[in-house]
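Please take a moment with the sequence and the three-dimensional view before reading on.

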Amino acid sequence: MTQDHTVQVPSETPGRAGAQVAPVATSIFVNGRFPRRRGLIILVSALVGFLLTIVWSAEFVDQTIGDNVANTLLGHDAKETPIAGIAAGIAFAFVSGLAGSFTACNIAAFGAVAPMLGNVGSRWGRLAHALKPLGRLSIGMITVSAVYGAIVGFVGTSMPQFSTAQNTPGTLSPRGIQSMVVYGVIGLVMLYLGLAALGVVRDPFARISRRFPNAPMVFMGALIGGFLIGRPFALFRQMFRDAAESGNPLYGAAAFVLQSLGNIVIMTVLFLILSFVAGSRLQRWLTAKPSRIAVLTASSLIVAGVFTFLYWDVRMLARREIIPWYPTAPWS
């Protein structure tokens, strides 16, 4: 069974140097109660992320799920029907965001659920406790997506994501390079945060959290908003081109914000279900052994980080025939 590991810190009392003290949480990602078998947790989590890249089928999640959801909600073929006007564009933005919840360019958003579980509150205050981290997450996400959407409204037609050029074997298009850079950085950041949750590396939010305790969750929201900067999902690029051709930064900002909100609807529902249906029971289970929170947080972030980096950087190079091989399942 996993055991808590109490860190050694210098004592301020003479003669007590190196004494053990109660672990201190430095941010929402790091509660200070580190499990002993950290190497095993890292190995298993990284292996799960790697295996996901092998079995992941972009065609299934993008087309079978994404396209069918969008077609059903919009009442017409989303890809074949032009976006007619701002109102239609706003509806398309939210629906396509919802339809793309399980795409490879958004699935890492579910890694934010575990860090928020530590905030599950008492029975009577459960709603407030559940909505607070979601609100902080939304602040970061909306800020990034709104700014990027406004930029697209200004100069989107000259950006790599506007291009419709097909990728060719042995080369990387500017659009592909943008996706690799954005998701590669996001994946590595999530991996680092997962390692920090286990106490393997320093908590990057330790200092700022003392003054702004909500900063880590706002940052996590900014990462989710950043998904749009490199997103290659076909329905998103359709919305991107419409916003860029409009030349209207306000429309671009609104459409991109709604796209991001659509991206986290299912994640939000999952979190609320965990908070309300299993809230008190889950909280008792977590608080009975505080290292469980660290394990859940670290595992979710490491899985999401490893998957995002390997899928969008290493596997992508293999798909473009730039590196010789990457293992994939027959259906992927």
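**A walk through the model**

Ser179 touches Gly184, Gly230 and Pro232 when residues up to four places away in sequence are not counted. The residue has its place in helix 6, and since its relative accessibility is 6%, below the 20% limit, Ser179 counts as buried.

For the protein chain as a whole the average pLDDT is 86, and 88% of the residues score at least 70. Confidence is highest in helix 1, residues 38-55, with a mean of 96, and lowest in strand 1, residues 4-5, where the mean is 52. Over residues 6-21 the pLDDT is below 50, although this stretch still has 16 contacts in the model beyond near neighbours in sequence. Where pLDDT is low, the predicted coordinates should not be read in detail.

With that caution in place, the overall make-up of the chain can be described. Its secondary structure comes to 13 helices and 2 strands, and of the 332 residues in the protein chain, buried ones make up 47%. Among the contacts with a separation of 6 or more, 79% are accounted for by residues 24 or more positions apart. The protein chain exposes about 15,700 Å², and carbon and sulfur atoms supply 66% of that area.

Where in the chain does the largest pocket find the largest share of its lining? Helix 2 provides that share, with 6 residues, and the space in the largest pocket comes to about 840 Å³. The pocket is lined by 30 residues, and the closest to its centre are Asp62, Pro232, Phe233, Ala234 and Arg237. Two or more residues of the lining are given by each of helix 2, helix 6 (174-197), helix 9 (234-246) and helix 13 (291-319). By kind, the lining residues divide into 12 nonpolar, 9 polar and 9 charged. Pro232, one of the residues closest to the pocket centre, is also one of the residues that Ser179 touches.

Helix 2, which spans residues 58-74, is also the place of Asn71. Asn71 has a relative accessible area of 23%, which lies between the limits of 20% and 50%, and so Asn71 is partly exposed. Leaving aside neighbours within four places in sequence, Asn71 is in contact with His76, Asp77 and Ala78. The C-alpha atom of Asn71 is separated by 9.1 Å from that of Val95, a residue 24 positions away along the chain.

Helix 13, another contributor to the pocket lining, holds Ser299. Not counting residues up to four places away in sequence, Ser299 touches Ile41 and Ser45. Ser299 and Leu43 are 256 residues apart in sequence, and their C-alpha atoms are 9.8 Å apart in space. Leu43 is found in helix 1, and because its relative accessible area of 58% is over 50%, Leu43 is exposed.

In the segment after helix 13 lies Glu321. Its phi is near 60°, a positive value in a residue other than glycine. Is Glu321 buried or exposed? At 57% relative accessibility, which is over the 50% limit, Glu321 counts as exposed.

Asn263 has its place in helix 10, residues 249-263, and with a relative accessibility of 1%, under the 20% limit, Asn263 counts as buried. Its contacts, leaving aside neighbours within four places in sequence, are with Gly97, Leu98, Ser101, Asn106, Leu228 and Arg231. Leu274, for its part, is placed in helix 11, residues 265-276, and at 27% relative accessibility Leu274 counts as partly exposed. The C-alpha atoms of Leu274 and Ala130 are separated by 9.6 Å, while the two residues are 144 residues apart along the chain.

Terms used:
Residues are numbered from 1 along each chain as its sequence is written. This is a predicted model: local features need pLDDT of at least 70, side-chain atom pairs count only at pLDDT 80 or more; totals for chains, interfaces and linings use all residues. Side-chain values use heavy atoms; hydrogens and water are left out. Helices (H or I, at least four residues) and strands (E, at least two) are DSSP runs, numbered from the N terminus. Buried means under 20% relative accessible area, exposed over 50%, partly exposed in between (1.4 Å probe, protein chains only). Contact means heavy atoms within 4.5 Å. On a 1 Å grid over the protein atoms alone, a cavity is a set of points where a 1.4 Å probe fits but cannot get out, and a pocket is an open set with protein on both sides within 12 Å along at least five of seven lines; lining residues have an atom within 4 Å of a point. Grid points are joined across faces, edges and corners, and a volume is the space filled by probe spheres set on the points. Ala, Val, Leu, Ile, Met, Phe, Trp, Tyr, Cys and Pro count as nonpolar, Asp, Glu, Lys and Arg as charged, and the others, Gly among them, as polar. pLDDT is the predictor's confidence in each residue, from 0 to 100. Accessible areas come from the Shrake-Rupley method with a 1.4 Å probe; for residues, only the protein chains shown count as cover.
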